[in-house]
Amino acid sequence: MRRRRLGTLALAALPLAFLGYFFVYPLVSILIRGLAPGGDFDGAPLVDVLTSGDLRGVAWFTLWQAAASTALTLIIGLPGAYVLARFRFPGRRLVRAAVTIPFVLPTVVVGTAFIALLGPGGPLGVDLRRTIWAILLAHVFYNYAVVVRTVGSFWERIDPALEEAARVLGASRWEAFRRVTLPLLRPAIASASSIVFLFTFTSFGVILILGGLQFATLEVEIWRQAVGLLDNSTAAALALLQLAGVGLLLAAYARYQERRAVQFQVGSTRTTARIPATPGAKLLVAGNVGLMAVLLGSPLAVLILRSLRSSGRFTFDFYRDLGESAGSVLFVPPLEAVGNSLRFALTATIVAIVVGMLAAAVVAYRSGPLARGFDTLLMLPLGTSAVTIGFGFLVALGEPVDLRTSFWIVPLAHALIAIPFVVRTAAPLMRSVRRRLREAAAMLGAGPGRVWREIDLPIVRRAALVGAAFAFAVSLGEFGATSFIVRPDAPTLPVAIFRLLSQPGGITFGRAMALSVILMVLTGAAVFAIERFRAGEAADF
Amino acid sequence: MRPLLARILLLIAGLAVLAAACGESRPDEIVLMTHDSFAVPEETLLAFEEDSGVAVRVLPSGDAGSMVNQAILTKDNPVADVLFGIDNTFLSRALAEDLFIPYESAGLDAVDPELILDPQHRVTPIDFGDVCLNYDKEAFGPDLPPPQTLADLTDARYRGMLVVEDPASSSPGLAFLLATIAAFPDDAAYTWTDYWADLRDNDVRVEAGWEAAYYGSFSGGSAEGDRPLVVSYASSPPAEVIFADPRPDEAPTGVITDGCFRQIEFAGILAGTDAEEAAGEFIDFMLSTTFQNEVPLNMFVFPANRQATLPPEFVEHTQVPESPRTVDPELIAENRNEWIQTWTEIMR
C-alpha cells in the first residue's frame, strides 16, 4: 500500500508542480491583488458582485447557455462519433482530421462568416443574428470535434461483439445500444461533455461578436471590468465567482466519473470498423458527413471564397501577394507566422503531453477524494477566465526567473489549456484496460514494467496521440490567456490575421482570409499527420 | 570530471563579468511595451539601434486597455522601459497610478501644443487620429445626401443605417460615445442620454468591436455588410485606397466631419526602468522625423511632429475635421464607468 502511494506521488509530482507554479500561484496572486489591494482583504467588491441583480443574470446565462451548448453539441456530435468510429469509408481519415479545423479559427474570422450565413440574405433565410441560436450554433461549430474525437476514439475500442451478443439474446438494436454500448461509452461522453461545458462556460469571442449587447457571460464581464474599465477588484471578485462555480461542477463530475467507470475488453479498430453495407448504414454515414459539411463546412467555405475573391472576380492574388509588404509592416510574412505558430505549438504539445499523460495515469489508476481533487485541479485552467490567467502570469512570474517576457510564456499558457484535453482523452482509455488482463500478464511472469509496456503502453500511446492532436490545435488557434499577456514579438498566424483585420481595405481583408485558409490547411495537415501515426500503430493491437 | 568543472566555473565567472559590465554601462537593449496595433518597419527601429547602440525589443501586449492594465499590474517590477500607445481616454488613470517618469523631450518644440496634455511631461504625444463616422458613397446621392451632423443621425431618413461599437469593449466605440457627450453635454436641454435614446429608436446597431462593425456590418469599400454608416477613423478612406488592388482614384467611403473625437497616443518612460537615459533617447527618436514619417502609412494616424512629411496618398484621401470633439482626460477618468454603465442601460 505504501509503495502504491509513493508511486502515485511520483507520478503526480510533476503535474502538481507544473499546475502549482503556472496556475495556482498566478491565480492566487492576481486574486489577492484584486481583493486585497493594500494587503488588507476588502470584501466589498465580492459583496457587490454577489448582490448585483445584473450579475446574477449574467451568472445564470453563463450556466444555462453552457448547458444548452453542451447538450446540443452532444446530440449533433454523437452520431458523427459513431459513424467515424464504426464505419470505414473513403476519406474517413480526412474527415476526421478536417472536423478539428473549426477548433483553431479565431472568433473574429468565424464571426464575420457566421454573420454572413445567419443574416437575412444567408442560406437559412431567417435572421438569426444576435439571437441565442447564433451563439449555440457557433458553440457546436467550435466543439463538434471534441465530442467526435474524444468519444469516437473510445467507441472504436469497444468490441462490437458485445452489442452483437446482446442482439443474439433478443435485445433490439436500440436496447442493445442503451444497455450495453452506452454504459461503456459513458466515461468518454462525460469527458467530452466536461470539456465542451468548460469551453462554452468561459466563452468570450463568440458571445461578444455574435451575441451583441443582450448576452454576456461571466468571462465577458470579467474582461469588460479588467480591460475596459481597468477595475481589477470587480474583475477578481467575478473571477472568484466563476472559479467557485467551475470548481463545484467539476467536483460533482469527478465523483460521477469515478463511480461510472467500466472496464471492458478492448478490440482493435480493424475489427470494429466496417464498410457500410446496408442502405440504412449508407444513409447514416452520408447523412452525418453531409451534416458536417453543412455545419462545419459552410462557414469555412465562406472564408475560402472570400480569400479568392477580389472586386467581384476570382483571383489567387491574396495568396501570391502574402510575401509582399505593400509598404506596410501590417503584413507579417506568412512563412514567418507559420514558423512561429509551429514552434509554439510543438513546444506546447510536448509540455502538455508529458505533464498530461502523467496526470492521466494518476486520474485513471487511483480513486478517492485526493485523486478527485487532483482531477478537478487539472481541469480548472479550462474553466478560468483567460484574462485572469494572463494577468496572473504577469503578477506572479516575474521572480525568481523573469518568465514574463520570455519565449516560454506562450507555450506554457497554451499547455495549461491543452493539458485538460490530454487528460480527458487519455484517462478514460487508460481506465478501460482491464485489471484482469494486467493480472494475467503478471501471473504469467511479466514484471510490472513489462505489464505496463505490453498491456498499457499501446493504449496509452493511442491516447497520447489523440491528446497531442488537440494540444497542437489548441496552441495553433491561440486560445485562452495569450491575448492578455505580453508576448515576444513573434507573430503567430492568428496574430498576423488580427493585424491585417485592424485596417480597412480589400487587400488587408483578402489577405486575412487567405491567412485563415492557410491556418485551416495547416491544422488539417497537422492533425492528419498525427492520425497517420495512429493508423500505423494500430497493428500493435 | 575535473576539466568539466573547471570549464563550468570559468563560464560562470565569465557570465558574472559580463553581467557586471552590463550593469554599469549602457544597456544593450531597451524593451518597448505597446499595443497590438503598433507597426513601424524593422529598419526604423534598426536606425535607432545604429545611432544609439541600443536595440529595441517590442512587446505587444493586447489592445490598449489590456496594455495599460498590464502596466499597472507590473508597475513594481516593470516588464519594459518605455510604453507606447496609451491614449487620452486612459491617460488620467495611468498618471494617477504613477506609471511614468517625467521626461521633456527637445522634440516637443515641433509638436502642436494642443497635443501636450500633461504639463509635467510624464507622457509625450507621438501621434493623433480622429474617430469619425464613415459613410458608403454608393448608398448616398442627390436623393439622399449623407448626414452632415450628429443630430442628422436621429432623422428617420437615416433609420437603420448606422452601426457603432460598444464603448465597453471597443476604443473607437468609447471615442464616439465621448464625442456625443461633448456635443450634447449633461447640462444641456437635450443631453447625450436623450441623443442615444433617439439613436436607439432610429435602429442603431451595436457591434462588440471595430472588426465586426466595419467588416461585418458596414457596406462601404471592402466591407460586405448592410449598413452604410459606421463609426471608424478619419484615416479609413485612405486605407481603402491604399489597400485596394487596383487602386481607385477616389476613396469608396467618406468621412462625416461633425462628431469626430480626437485620440492622441502617448509614449512614456516606465518608472522602475534601469535604462532611463536610453529610454529618453528613444522618446526623442519617436518624435524625430525618421520615426514620424513612418507613422501615417503604418499606423494610419497623423504624426505629432509637424515637420514630418505626409505621404501624398494619405493626405489626398484623408479629411481632417476642423474642430474635433475632446473631453478632458480628468473628466473621462472620473466618469468613464458611469457613462458606459448609463449607455449600456439605455441600449440594452
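Visitor: What makes you say that H7(A) and H8(A) meet?

Guide: This is a predicted model, and contact here needs heavy atoms within 4.5 Å. On the H7(A) side, A:Leu162, A:Glu163, A:Ala166 and A:Arg167 meet residues of H8(A), namely A:Arg173, A:Ala176, A:Phe177, A:Val180, A:Thr181 and A:Leu184. That contact splits into six nonpolar, one polar and three charged residues.

Visitor: And how is the packing of H7(A) and H8(A) described?

Guide: Two numbers do it for any packed pair: the angle between the axes and the distance between them. For helix H7 (residues 160-168) and helix H8 (residues 173-201) of chain A, the angle is about 145° and the axes are 9 Å apart. The crossing of H7(A) with H8(A) is right-handed.

Visitor: What do those numbers look like for H19(A) and H20(A)?

Guide: Helix H19 (residues 435-443) and helix H20 (residues 448-476) of chain A cross at roughly 145°, and their axes come within 10 Å. H19(A) passes H20(A) right-handed. A:Leu437, A:Arg438, A:Ala441 and A:Ala442 of H19(A) touch A:Val451, A:Ile455 and A:Asp456 of H20(A). Sorted by kind, the residues of that contact are five nonpolar, no polar and two charged.

Visitor: How do you know that the end-to-end distance of H5(A) agrees with its number of residues?

Guide: Take 1.5 Å a residue: the 12 residues of H5(A), 107-118, should then span 16 Å. The end C-alpha atoms of H5(A) are 15 Å apart, so the two values agree.

Visitor: Which value comes out for H15(A)?

Guide: H15(A) has 32 residues, 334-365, and should span 46 Å at 1.5 Å a residue; its end C-alpha atoms are 45 Å apart, so that agrees as well.

Visitor: What makes H5(A) "mostly covered"?

Guide: A residue is buried under 20% relative accessible area, and in H5(A) 10 of the 12 residues are buried. Among them are A:Val108, A:Gly111, A:Thr112, A:Phe114 and A:Leu118. H15(A) is mostly covered too, with 23 of its 32 residues buried.

Visitor: Why is B:Ala71 called buried?

Guide: The cut-off is under 20%, and B:Ala71 has 4% relative accessibility, so it counts as buried. B:Ala71 belongs to helix H3 (residues 64-73) of chain B. Setting aside neighbours within four places in sequence, B:Ala71 is in contact with B:Met33, B:Leu83 and B:Leu99. B:Thr34 is 37 residues from B:Ala71 in sequence, with 9.9 Å from C-alpha to C-alpha.

Visitor: What makes E5(B) and E9(B) a pair?

Guide: Pairing takes at least two bridges, and 11 bridges join E5(B) to E9(B), residues 253-270. The two strands run antiparallel, and B:Asp130 sits opposite B:Arg262 of E9(B).

Visitor: Which way do E5(B) and E10(B) run, and how many bridges join them?

Guide: They run antiparallel, joined by two bridges; at least two is what the cut-off asks for, and E10(B) covers residues 302-303. B:Asp127 stands opposite B:Pro303 there.

Visitor: How many bridges join E5(B) to E8(B)?

Guide: Five, again antiparallel, with E8(B) covering residues 229-233. B:Tyr135 has B:Leu229 in E8(B) as its bridge partner.

Key:
Residues numbered from 1 in each chain as written. Chains lettered and ligands numbered in written order. Predicted model: local features only at pLDDT ≥ 70, side-chain atom pairs only at ≥ 80, totals over all residues. Heavy atoms only, no water. Helix = DSSP H or I, 4+ residues; strand = E, 2+ residues; numbered from the N terminus. Expected span 1.5 Å × (residues − 1). Buried < 20%, exposed > 50% of the residue type's maximum accessible area, 1.4 Å probe, protein only. Axes fitted to C-alpha atoms, helices over the stretch in contact; angles between N-to-C directions. Left-handed = near helix turned anticlockwise from the far one by under 90°. Nonpolar A, V, L, I, M, F, W, Y, C, P; charged D, E, K, R; others polar.
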